[in-house]
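Student: Before we discuss terms, may I see the sequence and the structure?

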Amino acid sequence: MEKNFKQVENAFRQKLQEVSEMKELEDIKVQFLGKKGELAQFMKQLKELSNEKKAEIGKGVNRLKVLFQEKIDLHREELKQQDYKQRMQKEWIDVTTDPYQTEPGSWHPVSLVQQKLEDSFMAMGFQVLDGPHIETEYYNFEALNIAAHHPARDMQDTFYFEDGHLLRTHTSPIQIRGMEKLTPPLRIVGPGKVFRCERTDASHDSCFHQFEGMMIDKDISVAHLIYFMKTMLGEIFESDVEVRLRPGYFPFVEPGFELDMRCLLCGGKGCKFCKKVGWIELIGCGMVHPNVLKAGRIDPTVYSGFAFGIGMDRLAMMKYDITDIRPLHGGNLSFTRCFAVQ
Amino acid sequence: MKISLNWIKDFVQIDEKLTSKELVEKITLSVCEVEGFEETGEHLTQVIVAEVTAIDPHPDANKLSLVSVNTGAVETRVVCGASNFKLGDKVPYAGLGTRLTGDFLIKKATIRGVESEGMLCAEDELGFSEDHDGLMILPAESKTGDTLADLFPDQIDVIMEIDNKSITHRPDLWGHYGFARELGAVFRVPVEKMEPHPEILKGTGDPLIEVEVLAGDLVPRFTGISVDQVGVLPSPLYIQHRLTRVGLRPINNMVDLTNYVMLELGQPMHAFDAEQIEGKRLTVRLADEGTKVMTLYQKEVTLGTSDMTICDANGASVVAGVIGGLNTGVTAETRAVFLEAANWDPTGIRKTSTRIGLRTDACQRFEKALDPEMTDLAVQRAVELMKLTNPDLHVAGDLVDIKNRLYDPVRIETTTDFICLRLGKQIDKDEIRDILVHLGFDVRGEGSELIVDVPSYRRTKDVSIPEDLVEEIGRIHGFNNITPQAPLFPIQRPVFNQQHRFEQKIRNVLSDNGYHEVYNYPLTNQKSEEGFGMDSEGVMRLLNPVAEHQNQMRRSLLPHFVQTMKENQKNTLSFGVFELGRIYHKSCSGELLEPSRLVMGGSEKGGSLGDTFFRLKNDIIKLLSKLQVADIKWTAIADAEKRFFQHNQISATIYSGRQKLGELFAFTPEFMDQYELKGDVCVADLSFDVLFSIEKKEYRYQEPPKYPAVNFEVSLLMPEQTYFEDIREIIAAASPLVTKVSFLDTFLPEEHAGKKSMSVSIEFRSAKKTLNPDDITPLQDKIVAVLAEAGYYLRDSREKE
Ligand SMILES: [Zn+2]
């Protein structure tokens with residue numbers, strides 16, 4: 001009997017070594033541990049034996065049962081791992097390619113700038129307003145204190161329609177419409193397209209984009225205006241900016257200013273971009289003219305305020321190094337694709 | 001406009017320690033925009049007055065000579081190419097190491113074998129003029145050995161280029177004197193007054209010319225004087241040099257002095273040849289229609305009834321305020337002149353100048369509304385200057401001075417407190433008064449009170465209200481001396497611009513899906529719109545277009561958008577673009593409308609036009625989902641509504657409920673050919689306004705269904721061009737237990753020519769119970785029955801065919 005145990009164990013070990021597939025492993029399991037397997041044969045012989053012998057053989061069979069089960073489990077695990085590996089091996093792809101290639105899309109650069117401005121102003125409590133592109137002389141000129149014979153009203157600057165309407169030449173009519181609608185204290189901005197009757201070149205286009213703003217309350221002063229402009233430009237350019245005011249003439253403000261920002265490229269030493277002056281002319285602004293407040297039905301003896309206008313095209317051109325204003329219209333993809341990270 | 005610092009210094013003392021750069025910055029920050037400046041004449045300190053002592057021929061060159069000169073210290077010899085001089089002439093000598101204009105350095109040079117110890121200079125080389133026709137011959141009385149800077153000290157100057165646009169509202173700044181006044185205030189130093197000196201204008205005998213002014217309301221003032229016993233000569237050198245430095249070409253004393261007065265005071269003048277004035281009488285009046293005037297530029301202009309003229313007996317001789325006439329102009333033979341300094345209605349002058357297309361220095365000034373009170377001063381200054389060349393001139397008769405409509409006095413009453421409040425800075429009362437006084441305002445009032453009379457040169461349009469004084473104080477005190485201060489604002493409930501937020505969402509979704517945003521011009525022309533079937537109904541046409549292709553407002557985004565796609569196809573065939581923009585038209589009731597549209601376009605290399613359509617459709621569905629627009633339905637565009645450029649089969653209308661959102665379509669092959677479009681192109685044209693205003697489906701939590709769904713798939717036979725949507729509607733209407741009908745696929749079975757097989761999946765679900773076969777079988781039967789009723793039979797149920 002002893003000898004037989006040894007023989008069975010050896011035969012098992014021999015067979016197990018040759019196994020390379022799960023199916024073979026299952027066959028071995030049946031051959032040795034199955035109901036009619038090798039170990040079951042031993043058990044059949046038990047009846048004819050003495051109790052003492054029974055116990056001895058039973059013990060031997062049990063030992064083998066445990067041993068075979070362990071070995072088979074171990075081997076099964078190995079086969080599984082091997083199989084996983086092989087499967088993955090076959091699943092090789094070239095991860096450096098991009099077969100589903102889809103192109104990233106883009107926003108128009110002026111839309112990008114407008115969004116940035118709107119976000120900043122909304123965070124500062126401003127309300128964003130719109131106005132019509134086709135305006136009346138009243139909203140575009142008269143209410144803005146631009147006298148009847150002012151050259152700005154000439155046909156050489158303003159597009160007129162047959163019925164007397166015109167294309168707004170600035171976003172400032174939004175100021176008037178805003179004042180009519182709201183009551184002070186008020187903070188409004190108005191972005192949009194504006195039109196000028198002029199020939200186009202690298203820095204002029206007959207259609208461009210402005211961003212208008214206005215703040216009105218009791219006792220608003222030039223000091224407030226400077227504070228506000230500094231804060232706003234700091235937010236737009238994401239750095240501390242130095243600004244200066246110089247006299248500038250716009251009929252709808254008094255006093256009126258041109259606001260310059262210290263050139264961010266050269267830090268004020270003078271470079272090609274700032275035309276060697278160290279300053280960039282950026283914003284027209286000023287204290288709202290009393291006539292304009294009156295046109296907006298606001299009492300200038302009680303309230304004062306400031307207003308400003310920024311050229312969004314110019315801002316976009318500065319921000320994204322665009323050297324010519326003309327490609328902003330027309331949608332050439334070689335231009336628009338620059339506003340998506342490819 | 002060019003401004004000379006020396007000229008300003010004729011009237012005001014400026015601290016010599018100030019650099020040109022600092023001075024320019026002061027002007028920029030307190031007065032107006034200086035576009036640039038140039039320091040002139042520094043090199044003249046190294047150029048010496050030399051006397052020609054010998055002229056010998058060059059041994060090797062005919063056109064050159066060897067000139068010996070005495071420079072005061074030494075005798076030296078230079079090679080010279082000019083020949084306009086003689087022995088004893090005084091000429092400018094630049095020694096070795098001298099740097100002339102244009103950074104031209106004089107070095108020892110050997111010219112055709114002869115060494116030259118320096119150079120004799122022409123006017124252009126020294127910066128006096130553009131003249132290069134020979135050496136500059138210096139006045140005989142010049143002292144040998146002096147520098148040219150000693151001889152012409154005025155030539156060492158700073159010339160500033162003023163941005164004309166920055167002084168359109170300041171008529172007082174169109175001459176040097178105005179700048180002197182400003183700097184007087186900036187530095188708080190006195191400015192020399194322009195006082196009237198009646199003795200200069202005191203004439204004897206009768207005036208040579210009489211004047212009559214008609215249309216007086218367009219001529220606030222007309223001043224003139226007759227002068228005889230004059231001769232036309234070159235102006236004094238320093239005047240010639242000054243005019244040259246600020247960009248004018250000196251001509252003769254008569255022309256130069258009128259220019260000089262204009263550049264000094266800002267008052268344009270005109271000199272008539274008094275002997276050429278027919279009838280010895282000038283009439284100032286509006287022109288007759290079609291009047292022709294031969295101008296000084298020898299070009300004839302035609303005037304209308306709103307143009308002002310000065311006429312003699314021969315008719316209109318001068319276009320008033322714009323340009324003088326040839327017939328009565330000064331010539332070399334002129335012996336008597338009538339000097340005119342007038343003040344014209346600014347608007348009239350601007351209109352005349354625009355109409356005849358002439359922008360002269362004179363009209364540029366008149367249209368700014370000049371001060372009428374300076375015409376007599378201008379005449380006085382002109383006579384004074386004329387005496388420099390004609391000391392024996394005779395003033396004939398009295399000054400002609402016709403005053404019609406002067407500007408009303410302007411008094412402003414305010415307080416120093418108001419000014420400080422507006423500026424946001426406490427400025428001393430005395431400083432405020434001091435600034436105003438220096439600017440020429442007459443100031444009275446006690447304590448904070450200010451009673452300010454505005455001087456004539458600031459009241460024609462510039463200063464009239466307290467806010468104007470805020471600007472005066474602010475700019476002279478320095479806006480940059482104001483400390484920024486945070487405004488105090490109450491917290492208010494934020495009001496968002498929902499439309500802009502909606503636009504932002506659209507941009508995000510579309511750019512996320514690979515579309516590029518484009519802007520096209522809102523201006524177009526009728527031809528381009530006709531290409532898309534638009535007649536001229538409701539169009540907004542421009543009166544004054546810049547270009548023929550941009551003479552009206554667009555009524556559709558499509559024409560430019562298709563053009564954009566075509567242009568891009570030249571470089572790449574596979575792309576997506578979109579545009580959000582307004583279109584413009586007038587409604588039948590005359591109302592102006594600016595609806596917003598959204599167009600999207602997809603271009604593919606070519607292969608399957610259907611695929612391109614479905615790709616766009618899928619992107620639109622994603623967009624609508626993000627915009628929370630629900631209940632979407634797609635239907636083929638009915639033939640009656642199809643426009644000629646839309647593809648017969650590939651074109652759909654998109655609805656949300658009953659509201660039309662827009663269309664998605666391909667173009668006809670003919671249109672593709674006509675517009676040179678390639679590959680597969682589809683576009684969607686959607687109404688932004690409907691998308692924005694339509695009721696949105698809000699996000700809501702829903703309990704998961706309690707009872708399971710049962711799916712039933714059928715394959716139906718139908719004519720090839722049957723729409724799934726029609727099938728879906730039939731099935732959906734069959735029972736409320738149908739919760740979903742999905743399209744699976746179609747194919748063309750060989751055994752059924754001309755028909756297609758469509759497989760759809762139907763989902764049944766009850767909210768009340770689990771459906772069992774007893775419920776489902778009758779449902780299935782019913783659906784098969786209603787389909788059969790509509791003519792759609794199951795593919796495998798042959799017996800029903
Ligand atoms: Zn710079």
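Tutor: What follows concerns a metal site and the nonpolar cores. This is a predicted model, in which local features need pLDDT of at least 70 and side-chain atom pairs count only at pLDDT 80 or more, whereas totals for chains, interfaces and linings use all residues. Residues are numbered from 1 along each chain as its sequence is written, chains are lettered from A and ligands numbered from 1 in the order in which they are written, and side-chain values use heavy atoms, with hydrogens and water left out.

Student: Which residues coordinate the zinc ion?

Tutor: The SG atoms of A:Cys263, A:Cys266, A:Cys271 and A:Cys274 do, at 2.2 to 2.3 Å; donors are N, O and S atoms within 2.8 Å of the metal (3.2 Å for Na, K and Ca), and sites may look incomplete because water is not among the atoms.

Student: What makes the arrangement of the 4 donor atoms tetrahedral?

Tutor: Four donors count as tetrahedral if all angles lie between 85 and 135 degrees. Here the angles are 103 to 113 degrees, so the zinc arrangement is tetrahedral.

Student: Why is A:Cys263 called buried?

Tutor: Buried means under 20% relative accessible area (1.4 Å probe, protein chains only). A:Cys263 has 2%, and is therefore buried; A:Cys274, at 4%, is buried as well.

Student: Which residues have the most contacts inside the largest nonpolar core?

Tutor: They are B:Phe179, B:Phe222, B:Leu339 and B:Trp344, in a core of 88 residues. A nonpolar core is a set of buried Ala, Val, Leu, Ile, Met, Phe, Trp, Tyr and Cys residues joined through side-chain atoms within 4.5 Å. A second, separate core of 75 residues includes A:Met215 and B:Val443.

Conventions: Four donors count as tetrahedral if all angles lie between 85 and 135 degrees; four count as square planar and six as octahedral if opposite donors are over 155 degrees apart and all others between 65 and 115; anything else is irregular. Buried means under 20% relative accessible area, exposed over 50%, partly exposed in between (1.4 Å probe, protein chains only).
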